[in-house]
Amino acid sequence: HQDPLSPGRLEQTLWQASDVDSQMSQLVGLLELSEDERHMRHLLVTLFQEVFTEFFPGCTIVPFGSSVNGFDIHGCDLDLLLDLEPTKSLQASSQAAPRAGSGSGAEDSILTDIDLAATPVPEVLELVATVLRRCVPGVRRVRAVPTARRPVVKFCHKQSGLAGDISIDNRLALLNTRYLQLCAEADERVRPLVYAVRLWAKQQGLAGPLLNNYALTLLVLFFLQTRSPPVLPTVAQLRDMAGDEDRTVVCGWDCSFPRDVALLEPSSNTESSLLAEFFHTFGDFDFAGQVISLREGRALPLPPPALPEASEGLKLGPLNLQDPFELSHNVAANVNEKTASRFGRCCRDAAKYCRSLQYRQKSSKGRAWGLTRLFQPGAVEPGAGNAGAFLINIPLGSTGGSEQLGREPRGRGPWFWEVCAAIGFVLRDVLKCSCTAGRPPGAPSEDLGLSGASVVSEELPMGPDTEEEPQAVGCKRHAPETPNGTELPEGKRPRMNNPEETANWSCTVWHRVWTGRRRVRRQLQHSDGPEGHELELEQKVSEAIVQQEGDGHPAEPLLCFEASARVGGTRWVLLRLLPSPAPPGPLFRDFFHFLQSFLPIAVRRRLGGGPGPQD
Ligand code: ATP
Ligand code: MG
């Protein structure tokens, strides 16, 4: 069973789409839960309901969050609300009239010794955790988190592999889930846009505990409220459309809106490039100086009194996103300065890319185009230990490679080493970087840059060319130098027994080999004729750029970085670049953007495959 979320698979399918619009709609199909997955969630909810009813008569288990809000993706967590209000009422009535309570079941349960209404939340959570641990088959890793803003019990379910949370007091979440669901149903452009923004933010390392999927979704909905004409109505307008049966107040907040999407007027907005517009809008947005209000469908300027009274207590920060119902809650209150400004910067980068031909037009040469490039994990990996790393996905596609590549699709083994050898070859021999291979324990480093299949003759599409004047170029190779082109015997190949091990290189870039390649390539093709191997041609392009600088190499290197490769999934390698010094300047970013599209294709060529996904 292939992981539908594996980046190789996602990229491959999107690569094959005919245009960005179809990429957008295919994205939803690729990510959303299958019927089987939904069924599994339904069975789990039923199981939980049965078990909890035994202990808490009258209680209900209600799913909320992404399992049911229309923005589900494979493996998303299972958010559940355990509603104990009916149990409390039952208990109260049986306490008031002990004999009359017979038959409710409350007196037979563990509740005989506990007054649920008077028990502090942490104790109720422990009780719920105990029931989960002892009585729900397949449930593992149960732990109560009483200190969260919304206290929960976390769990995992072994057979389904699902992780989940049980809240005991979060009725607002049920309502905002229903609101998200209404928006998802209101216009067919909403779901693709939310999926695209969520995945983009995840790949850029922006999404996480600080800026979670709920907050990202609200940003998209707000954006859609502010189009002209609007794609979605404001929450205040929805309140006015609500019928009597839709009127609800939770914790003092008005949560009235139509439950039936048929009550909404279809939007007269016909825009098609909403994703590009989203990036454009938020790339240029004053997050700290205003409050994003979905209720009013506009940004309210700060400081107050622009804010209505209900917003009292709203914790202001670098990103102010007011909950659509709980108006005193800033959904993005935890977002720090750094994340907020990086969000803006990533939006600007994405908006710029969306204006390029590479975004709008399918590549005929197998390079990343349209959404695929947006989804490349191009920015900083989340997590403290990885801060500052730039990632390049190398999906190997369904073609090419040696026999070993085909035989050992999973785990480390000869196929991984062939890919590493190809990476080393491209960095050093094609791009003329100084590149020394690190030594995994017990492994000869020489192999990393040298072994591999022979160069093949096919057109090699190359990355985005900046068409600037080529700058001073030259090349110096670092010791230790290794004999070129030799294939180590099978027995001498480095083996990786420790799954944490990776292949490592220290690289120095001396010349702007990423600049002006297209022009040099054209000149070379013109003088040499169309023949020749594509990787050889790329080698010559680099050499020509190096020569244009004159002999020797500059006193100072242009860039230095550490690179490490590891298996990312089935037929997919993840290369991590750590620039030094960090954070890197614009030069490294330029080089990285070039390498992001150049390297995967060149590696596949080196391995004897085609551009991969387009084959
Ligand atoms: P996913 O689980 O795929 O990340 P999700 O929409 O389920 O997406 P969660 O973080 O699991 O997101 O949150 C579940 C629900 O909890 C949300 O749908 C929302 O109702 C509520 N919620 C989450 N974060 C917040 C928040 N910052 N403020 C208010 N409610 C929130
Ligand atoms: Mg969730």
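1. A polar contact is a pair of N or O atoms within 3.5 Å; within protein, one atom must be able to donate a hydrogen and the other to accept it, and residues adjacent in sequence count only if both atoms are side-chain atoms. In this structure, a nitrogen atom of ligand 1 lies 3.4 Å from a polar backbone atom of Val-331.

2. A word on the source. This is a predicted model, in which local features need pLDDT of at least 70 and side-chain atom pairs count only at pLDDT 80 or more, while totals for chains, interfaces and linings use all residues. Residues are numbered from 1 along each chain as its sequence is written, chains are lettered from A and ligands numbered from 1 in the order in which they are written, and side-chain values use heavy atoms, with hydrogens and water left out.

3. Back to the ligand. An oxygen atom of ligand 1 is 2.8 Å from a side-chain N or O atom of Asn-213. For Asn-69, the distance from a ligand oxygen to a side-chain N or O atom is 3.5 Å. Alone, ligand 1 exposes 580 Å², and the protein buries 80% of that (Shrake-Rupley areas, 1.4 Å probe).

4. Next, the aromatic rings. Rings of Phe, Tyr and Trp (its six-membered ring) pair if their centres lie within 6.5 Å; planes under 30 degrees apart are stacked, over 60 edge-to-face, the rest tilted. The count is 28 aromatic pairs. One is Phe-48 with Phe-155, tilted, at 5.2 Å and 45 degrees. Phe-48 is in helix H3 (residues 35-55) and Phe-155 in strand E4 (residues 152-157), so this pair ties together parts 107 residues apart in sequence. Helices (H or I, at least four residues) and strands (E, at least two) are DSSP runs, numbered from the N terminus.

5. Phe-48 is buried, at 0% relative accessibility. Phe-155 is buried too, at 2%. Buried means under 20% relative accessible area (1.4 Å probe, protein chains only).

6. Phe-390 and Phe-588 have ring centres 5.1 Å apart and planes at 70 degrees, so they pair edge-to-face. Strand E11 (residues 390-395) holds Phe-390 and helix H19 (residues 586-606) holds Phe-588, so parts 198 residues apart in sequence are tied together.

Key. Buried means under 20% relative accessible area, exposed over 50%, partly exposed in between (1.4 Å probe, protein chains only).
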